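Trainee: I would like to learn how to read surface patches, sheets and cores in a model. Could we work through one together?

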Amino acid sequence: WDGQEKDIPVDELRAGDALVVRPGERLPADGRVTEGATQVDESMLTGEPLPVAKQVGDRLTGGSINGDGRVLLTVSAAGSESVLAQIIRLVQDAQAVKAPVQRLVDKVSAIFVPVVIAIALLTFVGAWLAGLGVETALIRAVAVLVIACPCALGLATPTAIMAGTGVAAQHGILIKDAEALELAHQVRTVAFDKTGTLTQGQPRLLQLVAAPGVDEAAALRTAASLQSGSEHPLARAVLGAARAQGLALDPVRDMRAVPGRGTEGVLQGQRVLIGSLGWLRELGADLAPLSAPAGAQQAQGATVSILAVQRDEAHAPQPMALLAFGDEPKPGAAAALAELRARGVRAVMISGDNRGAAEAMARRLGLDPQAGEVLAEVLPGDKAEAVRALRLGAGLPFPLPQAGEGQGEGGRPLNGAAAIEGPRPSPQPSPARGRGSKGHRAVAMVGDGVNDAPALAAADVGIAMGSGTDVAMHAAGITLMRGDVALVPAALD
């Protein structure tokens, strides 16, 4: 190594290589941070809409997007060994499984075709022995083959499929898979991804609570001015709220991002900070006036930041306001879930987000976490496993991470790589609910991201949002071209 940075093809990467990842770049391989700190957008893999802080020693996953920090990455897995490649293999394995009707056709064909050919041969031999001549015997043998072929069924099936898919297309529902058309009416459980499917998928400023004696508009203006030079998703949420109110921004000097903590700068001669509760506590800020609203917002699954001003080095920062960030439900999502429930179809939300945020959003959508309608902190490989479990029975026969848990077997961190590489217990079918039994309930999965692709392929019916990724649409049998959740009940119709 000559100490110089150079670009190389991803195919040449090997475990142990040192990579420089610049701000805004997509991570080319799995590895660990050996130098620097940053924020990483892992929503493609985990569904978590907020960026995740990464410091030295933390694991990075190929395919996720680096934030505002320059980091040095030591490759642990590349190419076919990466987490993303393993997700792709999960999709391919699920797609390779034949449809139930195809297996039935194979069984029938294995008996039907040889029998028809044998009868045609016997007809040929009988006619020839009867002295009708080779030409007449051949014509009668071919007649047996032609008449025995189920032409009416062969013509009716593609005609019905064309008619059904044509009507669906007029309503913005693209049906790519005949099996999906066959099974959709049997669906009694629909599993939804949260981020980007039931929600907007972008953090928004849900609430700003000003400290006693502080004007709310002034606090928002200060926060937006400080965040004006940042590309952080939470900064964009603050700027969007300020623009909505028509607030003019003040110039800021010496602005810098503090990885994993927040942002600081000089505004009107004073040091202004916006960041996490832990960071402000480290700096000695008195957060008591905002502790009650902070606890209430966190209980609802919101991400909380504190805006504070520090007059000089001799004094601790003084809190100005609390800012609560979170995702918003898509318009019509709650109504679509209610319509499914009215038809006797069970709705379940599967999310890679933390449990508090997932359950809070579920309640806003009308789902009941206590009834098992919410599965939180579920990684990509576990999403497919959860769908398979729903296909085998009403419950989940394997434990998923609970709030506060973050370890797999043997105390290993339950990150993306461990979740896919590590051993996983196999679901056990419930009595009278195994696949193919009378109690089996077909399961549909609705998603939009790369992290949803294995689950879309594993479901009886995969439904992708047209506003999502190409991988999700490729793995699903049905695509909702408008990305509207209200089309899910229509698709089942």
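Trainee: Which residues form the nonpolar patch on the surface?

Mentor: This is a predicted model. Val 108, Phe 112, Val 113, Ile 117, Leu 121 and Leu 145 make up the patch, and together they have about 510 Å² of accessible area. Helix 3 (residues 100–129) supplies the largest share, five residues. Leu 145 belongs to helix 4 (residues 134–148).

Trainee: Where do nonpolar side chains tend to be in soluble globular proteins?

Mentor: They tend to be buried together. In this model, the largest nonpolar core has 37 residues, and Val 190, Phe 192, Ile 478 and Leu 480 touch the most other members. Apart from that core lies another, of 22 residues, including Ala 223, Ala 224, Leu 239 and Ala 242.

Trainee: What does Phe 192 touch, leaving out residues up to four places away in sequence?

Mentor: Among its contacts are Leu 337, Leu 340, Met 349, Ile 350, Met 445 and Val 488.

Trainee: In what order do the strands of the open sheet run?

Mentor: The seven strands follow the order 8-20-19-18-9-16-17, with mixed pairing. Strand 8 (173–175) and strand 17 (374–375) are at the edges with a single partner strand each, so one side of each has no neighbour in the sheet.

Trainee: In which sense do strand 9 and strand 18 pair?

Mentor: Strand 9 (residues 187–193) pairs with strand 18 (residues 442–447) in the parallel sense, over five bridges. Val 190 has Ala 444 as its bridge partner in strand 18.

Conventions: Residues numbered from 1 in each chain as written. Predicted model: local features only at pLDDT ≥ 70, side-chain atom pairs only at ≥ 80, totals over all residues. Heavy atoms only, no water. Pairing = 2+ DSSP bridges. Helix = DSSP H or I, 4+ residues; strand = E, 2+ residues; numbered from the N terminus. Core = buried A, V, L, I, M, F, W, Y, C linked by side-chain atoms within 4.5 Å. Buried < 20%, exposed > 50% of the residue type's maximum accessible area, 1.4 Å probe, protein only. Contact = heavy atoms within 4.5 Å. Patch = residues over 30% accessible without salt bridge, like charges linked within 9 Å, V, L, I, M, F, W, Y side chains within 5 Å. Areas by Shrake-Rupley, 256 points an atom, 1.4 Å probe, with all protein chains shown as cover. Salt bridge = Lys/Arg side-chain N within 4 Å of Asp/Glu carboxyl O.
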